[in-house]
Amino acid sequence: MSEKCGIDFGTSNSSIGYLKEDRPVITIFDGETYIPSSIFFDYIQADTSYGKQAIDRYIDGNEGRIIWSPKNALGTFLINETTQVKNKRYSFQNIIQLILSNLKKTCETQSESYKSQVVCGRPVFFNDNDKQLDQIAEDALREILKKVGFKDIEFEYEPIAAAVGFERQVVREQIALIVDMGGGTSDFSVIRLHPYPHEKGSRKDDILSIGGVHIAGTDFDKQFSLNSLMPELGLGGKYKSMEGKWLSLPISIYHDLASWHKINFVYTHANLSSTQQNLRNSDVLEQLERLLYVLKFQYGHYLAKLVEKAKIDLSADEITEIVSQEITPQLEKIIMRGEFNEAIQDQVEEIGKTVSSTIMNSGLGSESIDAVFMTGGSSMIPLVREKISSIVPEAKLIEGDKFGSVAMGLTTIANERFK
């Protein structure tokens with residue numbers, strides 16, 4: 001069995017593929033071709049769990065610490081920071097290493113073969129504005145992969161990998177816009193596709209342009225949460241100061257609660273104390289009681305999952321409801337798709353600008369795009385699809401495996417690169 005594999009390490013979900021009789025196969029986790037990028041440190045059992053099991057153990061109330069979406073630290077100065085897990089401090093590099101090690105071990109078990117060669121996906125930009133931080137992110141990820149046990153390591157842009165997976169379906173040469181929108185970044189490429197790519201050798205000249213922006217699923221979650229859920233915890237409310245002045249409640253705590261990778265930082269004595277104090281003289285008493293409950297019992301990630309589920313529901317339906325009997329006072333809120341669209345409108349416009357510039361940089365006009373291949377969970381959002389369709393109205397929309405396309409492409413690339 002081959003030692004080659006392809007890893008799609010995602011912000012929200014990750015996948016790993018291996019080769020079976022020279023064909024890419026995706027590793028299965030709990031019946032799925034992906035695993036949530038999360039880890040749970042159980043303080044009582046003194047062990048760790050990953051993905052869906054980690055989330056279930058956390059939501060079931062097991063005492064411990066959950067960390068979601070550590071990929072967000074790549075491309076930022078957080079990558080060198082540490083976080084407290086019971087009596088030990090872990091760097092974000094340590095946490096990413098644990099998650100990637102679990103991916104590798106699961107793949108090796110299913111493929112019955114040790115993996116030493118990997119092509120790992122990377123976004124077009126880990127950091128949109130700082131090339132140095134972008135390079136630091138790739139270097140850090142390379143070192144982590146070495147520590148996990150890989151000897152031969154290469155990277156490929158995630159939208160290029162998605163294109164390779166799609167290319168197996170084409171019957172004639174065509175120009176495609178590849179849209180890969182996950183939890184952390186939205187990445188795009190304009191690429192010339194062929195029905196017999198293995199006869200082409202190097203594909204460098206077929207890649208006409210690449211582009212990306214650090215806006216995707218978790219950013220949509222944050223803005224959606226701030227607009228729709230955080231007001232139910234007091235955002236926008238006021239409190240009376242000791243001088244008798246009515247002041248706006250501090251917003252930083254709400255921004256942290258709405259950000260997946262910052263939620264664990266809100267559970268401080270200072271936040272609890274200030275919320276209790278503001279509660280006494282507030283015009284949003286019930287909402288602050290709810291916030292106090294969330295802080296005291298550490299329900300931030302539970303709320304984030306409710307927001308994410310509502311986002312997914314509104315990708316299929318015009319209306320949904322956030323209901324939680326776990327929070328006191330009980331939370332019930334009906335949300336229309338229009339409210340979600342309004343929350344993410346500015347972000348979708350930025351994505352649209354990046355798509356347009358990626359096409360322009362290819363030297364082609366939008367009318368030259370034959371097909372749009374969409375992959376990644378965030379590509380399912382109707383407002384996103386409407387925006388991209390408005391840019392390339394004549395192109396045929398092609399659906400990919402929203403969680404497995406990139407890993408399939410990376411595994412195919414690994415088979416070609418490690419001869």
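Me: Which residues does Gln-347 touch, not counting residues up to four places away in sequence?
Reply: Gln-347 touches Ile-215, Asp-219, Phe-220 and Gln-223, where contact means heavy atoms within 4.5 Å. This is a predicted model: local features need pLDDT of at least 70 and side-chain atom pairs count only at pLDDT 80 or more, while totals for chains, interfaces and linings use all residues. Residues are numbered from 1 along each chain as its sequence is written, and side-chain values use heavy atoms, with hydrogens and water left out.

Me: Where is Gln-347 found, and is Gln-347 buried or exposed?
Reply: Gln-347 is found in helix 10 (residues 337-361). Helices are DSSP runs of H or I with at least four residues, strands are runs of E with at least two, and both are numbered from the N terminus. Gln-347 has a relative accessible area of 16%, so Gln-347 is buried. The cut-offs are under 20% relative accessible area for buried, over 50% for exposed and partly exposed in between, with a 1.4 Å probe and protein chains only.

Me: And Ser-228, what is that in contact with, leaving aside neighbours within four places in sequence?
Reply: Ser-228 is in contact with Lys-333 and Ile-335. Ser-228 is found in helix 5 (residues 217-229) and counts as buried because its relative accessibility is 4%.

Me: Switching to helix packing. At what angle do the axes of helix 4 and helix 12 cross?
Reply: Roughly 85 degrees, and the axes of helix 4 (residues 158-167) and helix 12 (residues 405-417) come within 7 Å. That makes helix 4 roughly perpendicular to helix 12. Axes are lines fitted to C-alpha atoms, for helices over the stretch in contact, with angles from 0 to 180 degrees between N-to-C directions. Under 35 degrees counts as roughly parallel, over 145 as roughly antiparallel, 65 to 115 as roughly perpendicular and the rest as oblique.

Me: Which residues meet there?
Reply: From helix 4, Glu-158, Ala-161, Ala-162, Val-164 and Gly-165; from helix 12, Ser-405, Val-406, Gly-409, Leu-410, Thr-412 and Ile-413. The residues of this contact divide into 6 nonpolar, 4 polar and 1 charged. Ala, Val, Leu, Ile, Met, Phe, Trp, Tyr, Cys and Pro count as nonpolar, Asp, Glu, Lys and Arg as charged, and the others, Gly among them, as polar.

Me: OK, aromatics. How many pairs in the whole structure?
Reply: A search finds 9 aromatic pairs. Rings of Phe, Tyr and Trp (its six-membered ring) pair if their centres lie within 6.5 Å; planes under 30 degrees apart count as stacked, over 60 as edge-to-face and the rest as tilted. The pair of Tyr-34 and Phe-403 is tilted, because the centres are 4.2 Å apart and the planes are at 35 degrees.

Me: Where do Tyr-34 and Phe-403 lie?
Reply: Tyr-34 lies in the loop between strand 3 (23-26) and strand 4 (35-36), and Phe-403 in the loop between strand 20 (396-399) and helix 12, so the pair ties together parts 369 residues apart in sequence. Phe-403 counts as partly exposed because its relative accessibility is 21%.

Me: What about Tyr-299 and Tyr-302?
Reply: Tyr-299 and Tyr-302 form an edge-to-face pair, 5.4 Å centre to centre with 80 degrees between the planes. Both Tyr-299 and Tyr-302 are buried.
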